[in-house]
Each structure stands twice: as structure tokens, then as C-alpha cells.
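Look at the structure first.

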Amino acid sequence: MSHRPSSGLAAVSTALLAMSRHLEVRDVLKTIVASARELIDAEYAALGVPDDHGGFAQFVVDGVSDEQWKAIGPLPRQHGILAAMLHEEKAERLADVRKDSRFGGWPTAHPDMSDFLGLPVRDGDETIAALFLANKRCPKPDGGCGFTEEDEELLSILAQHAAIALTNARLYERSRELTIAEERSRLAHELHDAVSQKLFSLRLTAQAAAALVDRDPDRAKDELQQVASLAAEAADELRAAVVELRPAALDEDGLVHTLRNQIQVLDRAHSARVTFTCHGVRALPAAQEEALLRVAQEALHNALRHSGADRVDVTLGRRGQGAVLGVTDNGTGFEPGSVRRAGRHLGLVSMRDRASGVGGGLTVDSAPGMGTTIEMEVPGG
């Protein structure tokens with residue numbers, strides 16, 4: 001590395017510092033890829049985190065536009081050069097990846113790549129990711145690779161620090177998940193104790209009222225008033241607990257960001273195209289935001305699991321002081337006349353309850369072979 005310009009050393013320092021600043025796994029992955037591409041001066045960079053089923057749990061790219069990435073299609077599987085990086089400890093530096101015996105082609109929309117540099121990202125004896133670079137931005141010797149031994153050495157240093165950053169991010173997220181789980185467990189115990197006591201009192205009071213109806217109507221009336229009071233207290237306890245169990249991402253990122261992130265994940269995980277469009281939505285009361293998120297999740301689950309749709313469009317827009325959510329799929333749809341049976345199967349009853357619980361409304365428009373649109377409107381604050 002001694003002959004690399006000082007600007008190159010500065011770039012290494014900048015890349016390592018950038019990785020250390022992030023705690024979220026996704027942010028760390030994106031920083032690693034962008035840093036590698038800039039440091040080595042490549043046209044394309046990618047990083048894949050393997051799952052346990054022959055695919056990738058996460059796959060991050062840099063140098064490819066969002067439109068290109070969408071057109072490429074589903075995430076790649078672990079095969080060919082990608083598999084080699086995950087199952088071998090050494091780096092791979094190729095003059096033309098297309099001529100390698102392990103090359104299996106790529107989708108039509110995939111950008112054309114020639115020279116290639118890749119290596120595993122290892123934590124001890126475990127390969128936790130694989131880092132790939134393609135198309136070095138420099139004149140290339142005839143039949144030669146633009147990537148050099150020095151590039152390989154730099155990328156190896158970056159990969160070692162990437163392993164540390166990725167491991168730390170995973171530990172941070174795991175710690176946060178455990179904290180949330182412990183807090184929810186605590187709330188569940190408190191909810192059980194408080195509401196169970198209220199319900200036990202409610203049952204005894206109701207039984208007493210039933211026994212007094214015939215022989216002492218006035219006392220029965222007093223007991224029924226006590227029933228109403230206990231029921232109201234139990235409802236308040238439940239409402240307070242639900243507020244505390246509100247999804248953490250909503251508090252941290254807000255409805256729009258949370259919904260966009262979840263839809264992006266679904267779009268990558270399913271063969272159906274899932275889109276999200278948002279227009280002019282402003283902050284809403286917490287209960288309304290949570291209800292919109294829950295209804296969106298339920299409607300997306302139905303569309304992706306049951307409708308056979310190859311496209312699902314989610315919209316969120318402002319309407320008056322409130323907002324309106326729409327989830328539309330081009331799937332099989334169903335007969336409105338059978339909405340009672342379908343409503344239970346598709347969770348429409350719970351969705352309507354969520355909407356009405358925050359002063360909103362839910363409409364369902366569907367027909368056999370015509371897809372389904374679920375729309376929820378809330379009044380705002």
C-alpha cells in the first residue's frame with residue numbers, strides 16, 4: 001500500500017469511520033458497499049448476506065439505479081461466483097466473469113459486467129457475507145483485469161472491518177429486540193393482573209345483579225351500574241396497554257417511513273410487484289397511525305398470500321385533516337355477496353374494527369377476477 005497516494009489512505013480511513021458510525025444493520029451494509037465501490041473505483045458493488053435456504057437474507061447494491069434494480073427481479077440465489085465467495089476463504093479476481101466456468105448468466109435487465117473482484121466477509125471461521133465489485137474504472141490490458149493486487153489488499157482490509165461493523169450492528173439490533181421483548185413481557189404481566197382483577201369483579205357483580213333482579217330490582221340496578229363502571233375501567237386498562245405496545249418503528253420513524261420500509265421489504269421478498277405512493281400526509285394521532293399501519297399489513301398479507309396478484313399498489317394520501325389508505329391488488333378478488341364468509345377468512349372484520357375504533361371507516365371493493373381494493377379513511381386530529 002506504500003505506493004498508493006495519500007488520498008487513497010484517506011479514503012480507507014473515511015470508509016472505516018463511516019462504517020463505525022452506523023448501528024442499524026441495513027445502514028451498515030449500504031455503507032460497506034458504497035465505501036468499497038468508491039475506494040476501489042469500481043462501477044458496481046454488491047454485498048450479500050446468506051440465509052439458511054440457499055438464498056440471501058439481504059442483498060445490497062451500489063451503482064445500480066432503483067429502476068434497474070426493480071427490473072432485475074427477485075434476489076439472486078447462492079450459485080456460481082456468488083456461492084464461491086460464500087464457501088471459499090480466498091478472494092476471486094477475474095478478467096471477465098462471463099468466461100468463468102461457474103458463471104451462470106444473469107437476468108435480461110442486469111447490467112453488463114466484465115472484470116470482477118470478490119471476497120468473503122468473515123467473522124472468525126464463519127462467512128457472514130460476500131462482497132463483490134465489477135468493472136474497474138480504468139484502462140484495462142488486453143485480456144487482463146482492471147482490478148489489481150493492491151485493490152484486493154485494500155478490499156480485504158475493508159472486509160475485515162466490515163465484519164466487525166456488521167457483527168456490532170447485529171448485536172445492537174438483537175439487544176434492542178431483547179429490550180423490547182422484555183418490556184412487552186412486563187406489560188403483558190401487568191395487563192393480565194390488572195384486567196383479570198377487573199374482569200373477576202365484573203363477573204361477580206353481574207352474577208349478583210342477576211340474582212337480585214326478581215326480588216330486589218333497585219339493588220339489581222345499583223349492581224348493574226357497578227358492572228358498567230367496572231367495564232369502563234377494564235377498557236381503560238386495555239387502552240393504556242395497547243398504547244404502550246404501539247410498534248416502536250412508528251414512534252421512531254413515523255407512519256410514512258415505517259410503511260415505506262415494510263413495503264420495500266415485501267417487494268424484494270415476493271415475486272409480485274409491491275409499490276408505495278404517498279401524497280401530502282402529515283402527522284396523525286398515534287392511535288390512527290397505528291390503525292392505518294395494522295390495516296395496511298393485514299391487507300398486504302391477504303393480497304400477497306391469498307389473491308394470486310402479481311401487483312399490489314399501496315397509496316397513502318391526505319384527505320381533509322385526515323388521511324386515506326388504499327391497498328389495491330389485481331388478484332382473483334371475491335364475490336361481495338359472500339363478504340361475511342370472506343370477511344372472516346381475510347380479516348376484514350378486524351380491519352373494520354380497527355378503522356371504527358379510531359373514528360374512521362373501511363370500504364372493500366372486489367369482484368371475481370377483478371382484484372380487490374381496500375380503503376381506510378381516518379379523520380386526523
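Of the protein's 381 residues, 40% count as buried (under 20% relative accessible area; exposed is over 50%, partly exposed in between; 1.4 Å probe, protein chains only). The model is predicted: local features need pLDDT of at least 70, side-chain atom pairs count only at pLDDT 80 or more, and totals for chains, interfaces and linings use all residues. Residues are numbered from 1 along each chain as its sequence is written, and side-chain values use heavy atoms, with hydrogens and water left out.

The secondary structure comprises ten helices and ten strands. These are DSSP runs: helices are H or I with at least four residues, strands are E with at least two, numbered from the N terminus.

**Cores**

A nonpolar core is a set of buried Ala, Val, Leu, Ile, Met, Phe, Trp, Tyr and Cys residues joined through side-chain atoms within 4.5 Å. The largest has 34 residues; L259, V312, V314, L325 and M376 touch the most other members.

A second, separate core of 32 residues includes L47, V60, A129 and L133.

**T127**

T127 sits in strand β5 (residues 126-136). T127 counts as buried because its relative accessibility is 15%. Its side chain makes a polar contact with the side chain of R122, at 2.7 Å (a pair of N or O atoms within 3.5 Å; within protein, one must be able to donate a hydrogen and the other to accept it, and residues adjacent in sequence count only if both atoms are side-chain atoms).
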